[in-house]
Amino acid sequence: DRLRESKVYMRALFDYIPLEDKATPCQEAGLPFKRGDILQVVTQDDPTWWQAKRMGDSNLRAGLIPSKQFQESSWHLTQDLLFSLPFFLCISGLAVAGLRRSFRLSRKDRQGSSGEGSDPGDPDFLTYEEVTRYQQRSNERPRLVVLIGSLGARINELKQRVIAENPHRYAVAVPHTTRPKKPHEKEGVEYHFVTKQQFDADALNNKFIEHGEYKENQYGTSIEAIRSVQAKNKMCIVDVQPEALKRLRTAEFKPYVIFVKPRVPESRRRRSAATSPGGEKMTYRQEMRQSAIQIDQQYGHLVDRVLIKEDSASACAELRGILERLERESFWVPVSWVR
Ligand code: 5GP
């Protein structure tokens with residue numbers, strides 16, 4: 001039996017609570033897990049229920065988990081979610097597309113054990129991602145480190161600080177800008193200074209991982225800028241809007257994604273319901289919490305590590321520790337990145 005042990009590992013992209021699953025053949029046999037857990041799939045013999053162990057569990061017994069196919073067929077946008085849409089729109093000016101997405105991710109409704117009446121094959125329905133251990137070898141380019149942050153995280157400052165401490169090992173990708181060069185600046189150091197025409201052409205040709213406008217000038221970070229850091233065998237650290245994650249998740253970059261969340265202190269006095277989401281104007285702390293929740297719902301499944309930021313110094317020390325481990329230890333990555 002040992003010899004036949006499966007080498008298939010899946011990262012769970014959703015939470016699973018067997019006791020709440022009406023479709024399971026046996027709730028006691030179910031294996032509970034959370035999004036981000038690594039599951040060793042022992043058998044996939046049954047098309048509907050797999051047997052799996054959860055990595056890191058001392059309990060070696062395998063339990064039942066819904067198969068990928070079954071789970072895909074089970075995601076379902078329920079009526080109550082549609083009802084809650086206006087409520088969420090009130091509290092934040094979020095894109096409707098984003099909302100639709102996070103709703104789908106956060107709720108499910110099983111339509112009987114065969115999954116009929118659901119939305120099969122929708123790639124947005126998150127189930128599992130097959131993963132494998134990966135350790136960067138010395139002859140390979142360093143992995144890309146991607147920082148995303150919720151409101152108040154100040155990830156750019158964090159990035160600059162860690163790089164300044166160790167400029168031989170870490171570097172930023174030099175962005176492009178259309179603004180005029182200042183006297184103390186050097187081409188290719190602070191920025192690549194380009195004309196508006198050049199910038200627009202590059203944007204059109206998808207050369208940027210992200211770009212935006214600031215005081216009527218264009219700014220953007222190119223894929224080439226990341227490559228040129230990695231070509232010097234340095235670890236490239238970028239801080240981006242989470243929307244850029246999809247573009248960066250490639251075998252070439254093997255991004256390690258760190259979500260920086262500022263710790264939001266509890267208000268001393270509990271606010272009444274009137275000031276909570278949906279009510280009057282939110283306090284900054286509420287906005288910070290809301291921003292973190294939103295990113296977590298929409299992009300949490302793409303995050304390798306959450307860094308709770310207490311203050312700049314401790315966050316910086318923690319980030320440094322993570323980067324050092326990234327060069328020494330092995331990590332789970334999608335199998336498609338190494339095959
Ligand atoms: P400055 O012109 O003072 O060097 O930069 C002004 C602002 O431009 C920065 O605070 C930042 O908000 C924005 N900026 C700088 N680099 C980038 C970039 O690569 N992408 C985007 N979207 N904005 C940038």
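The structure is a predicted model, in which local features need pLDDT of at least 70 and side-chain atom pairs count only at pLDDT 80 or more, while totals for chains, interfaces and linings use all residues. Residues are numbered from 1 along each chain as its sequence is written.

Six strands form an open, antiparallel sheet in the order E4-E3-E2-E1-E5-E15. Here helices (H or I, at least four residues) and strands (E, at least two) are DSSP runs numbered from the N terminus, and two strands pair if DSSP finds at least two bridges between them. The edges are formed by strand E4 (63-66) and strand E15 (331-334), each of which pairs on one side only. From one strand to the next, the twist averages 50°, with axes taken as lines fitted to C-alpha atoms (for helices over the stretch in contact) and angles running from 0 to 180 degrees between N-to-C directions.

Several pairings can be followed residue by residue. Strand E3 (residues 49-54) runs antiparallel to E4 and is joined to it by four bridges; Trp50 has Ile65 of E4 as its bridge partner.

Attention now turns to the ligand. Its surroundings consist of Pro175, Arg179, Glu210, His211, Gly212, Tyr214, Tyr219, Gly220 and Thr221, where a residue is near a molecule or strand if its C-beta atom, placed from the backbone, lies within 6 Å of it. Strand E10 (208-214) and strand E11 (217-222) are the elements that give two or more residues to this shell. The largest share, four residues, comes from E10.

Two residues in loops beside these strands deserve a look. Asn206, in the loop between helix H5 (196-204) and E10, has a phi near 60°, a positive value in a residue other than glycine. Asn206 counts as exposed because it has 10 C-beta neighbours inside 10 Å; a residue is exposed with 12 or fewer other C-beta atoms within 10 Å of its own, buried with 20 or more, and partly exposed in between, with C-beta atoms placed from the backbone. With 7 other C-beta atoms within 10 Å, Glu216 is exposed.
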